[in-house]
Amino acid sequence: MAAPSPDPRGVAACLSHAAAETTNIGGRLSHAERLRLAVEILSAYARARRALRRAPIGDAVADLRSRSQSAPRFAGSTPATLDEARRLGRAVTRLLALLPGDTRCLARSLVLTRLLARRGIPAKLVIGARAGPEFLAHAWVEHAGDPVLVPGDESFGRLVEL
Amino acid sequence: MTTPDTVTDTSTLLAAKVNVPQHVVYRSFPSETVVLNLQTGKYHGLNATAGRMLEALERAACVREAAVALSESYERTQELVEQDLCELCRALLERGLIEADGGPQP
């Protein structure tokens, strides 16, 4: 889990870098599209934090999905949707890692859940844990069973899929 | 439904059916059982024995029935196991990790 860095220059650089990482299925994003994606990630992060403060995790996930305004564009799972989901996952990870506050795995997973829902890409948020040698909990996102964010290793057991 | 306040009576608790609510998930590992309360976001750890007790409680029709099964496998008296089970149940009820239904109503 990357430590957050509050360096504003880092955030600015990451906005550009994260957006550049996220090309659309149809091709590279324009500068305006990159900026929109960065804003979307930050907006989703703020929304996810609010949702978690107000409701249990299950309701927060449902809220992040239900508030999606875009009609689904993808009916199921294809290599293209998996590729798109992973690109978005990388963008979310890179951008949130530079923000202050708790932007670890659960925050990343919630943000990515919203981004994927807005694009009509089905995904599950998985929460897992391991008991030893020391307790650790981890959250990640899967699309059609394939991890989109870094999953827990074999020492982790799945607790719940949301 | 039996609440934590009403289950201080051991006989009531022993007759109750224990359920794990939908907002609670758990998984057993070799060293302990990890329990997650999705409503509070809190993780709880149960040692191997308590984890096995929780599984027995969920399977059994009532706490007393779980005590019978566990007393056989652990070779302990039923009374001793009932005492331990009730203690565990109260701790889990206080944390909202189980619900107890079907016991005699006060």
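In β3(A), His143(A) has Asp146(A) as its bridge partner. This is a predicted model, in which local features need pLDDT of at least 70, side-chain atom pairs count only at pLDDT 80 or more, and totals for chains, interfaces and linings use all residues. Residues are numbered from 1 along each chain as its sequence is written, while chains are lettered from A and ligands numbered from 1 in the order in which they are written.

Stay with this pair of strands. β2(A) and strand β3 (residues 146-147) of chain A are antiparallel and share two bridges. Strands here are DSSP E runs of at least two residues, helices are H or I runs of at least four, and both are numbered from the N terminus. Two strands count as paired if DSSP finds at least two bridges between them. The hairpin of β2(A) and β3(A) has two residues between the strands. In its turn, Ala144(A) has a positive phi of about 55 degrees.

β2(A) also pairs with β1. Seven bridges join strand β1 (residues 124-130) of chain A to β2(A), again antiparallel. Ala129(A) sits opposite Ala137(A) of β2(A). Five residues link β1(A) to β2(A) in a hairpin. Strand β2 (residues 136-143) of chain A is mostly covered, with six of its eight residues buried. Buried means that 20 or more other C-beta atoms lie within 10 Å of the residue's own; exposed means 12 or fewer, partly exposed is in between, and C-beta atoms are placed from the backbone.

Now step back to the whole chain. Chain A has five helices and four strands, in the order α-α-α-α-α-β-β-β-β. Buried residues make up 41% of its 162 residues.

Helix α4 (residues 79-96) of chain A passes a length check. Its 18 residues, at 1.5 Å a residue, should span 26 Å, and the end C-alpha atoms are 26 Å apart, which agrees. The expected span is 1.5 Å times one less than the number of residues. Its buried residues include Leu88(A), Val92(A) and Leu96(A). An α-helix has 3.6 residues a turn, so residues three or four places apart point the same way.

Contact means C-beta atoms, placed from the backbone, within 7 Å. The largest nonpolar core has 71 residues, and Ile41(A), Val111(A), Val63(B) and Cys89(B) touch the most other members. Such a core is a set of buried Ala, Val, Leu, Ile, Met, Phe, Trp, Tyr and Cys residues joined through C-beta atoms within 7 Å. Helix α5 (residues 105-118) of chain A gives the most to this core, nine residues.

Next comes the contact between the chains. Chain A supplies 12 residues and chain B 13 residues. On the side of chain A that touches chain B, α3 (57-66), β1 and β4 (157-161) each give two or more residues. β4(A) has the largest share, three residues. The model scores ipTM 0.79 and pTM 0.80.

Strand β2 (residues 24-28) of chain B is joined by five bridges to strand β3 (residues 32-37) of chain B, running antiparallel. Three residues connect them in a hairpin. Arg27(B) stands opposite Val34(B), and Val34(B) stands opposite Gly45(B) in β4(B). β3(B) pairs with strand β4 (residues 42-47) of chain B over six bridges, also antiparallel.

Technical notes. Two residues are in contact if their C-beta atoms, placed from the backbone, lie within 7 Å.
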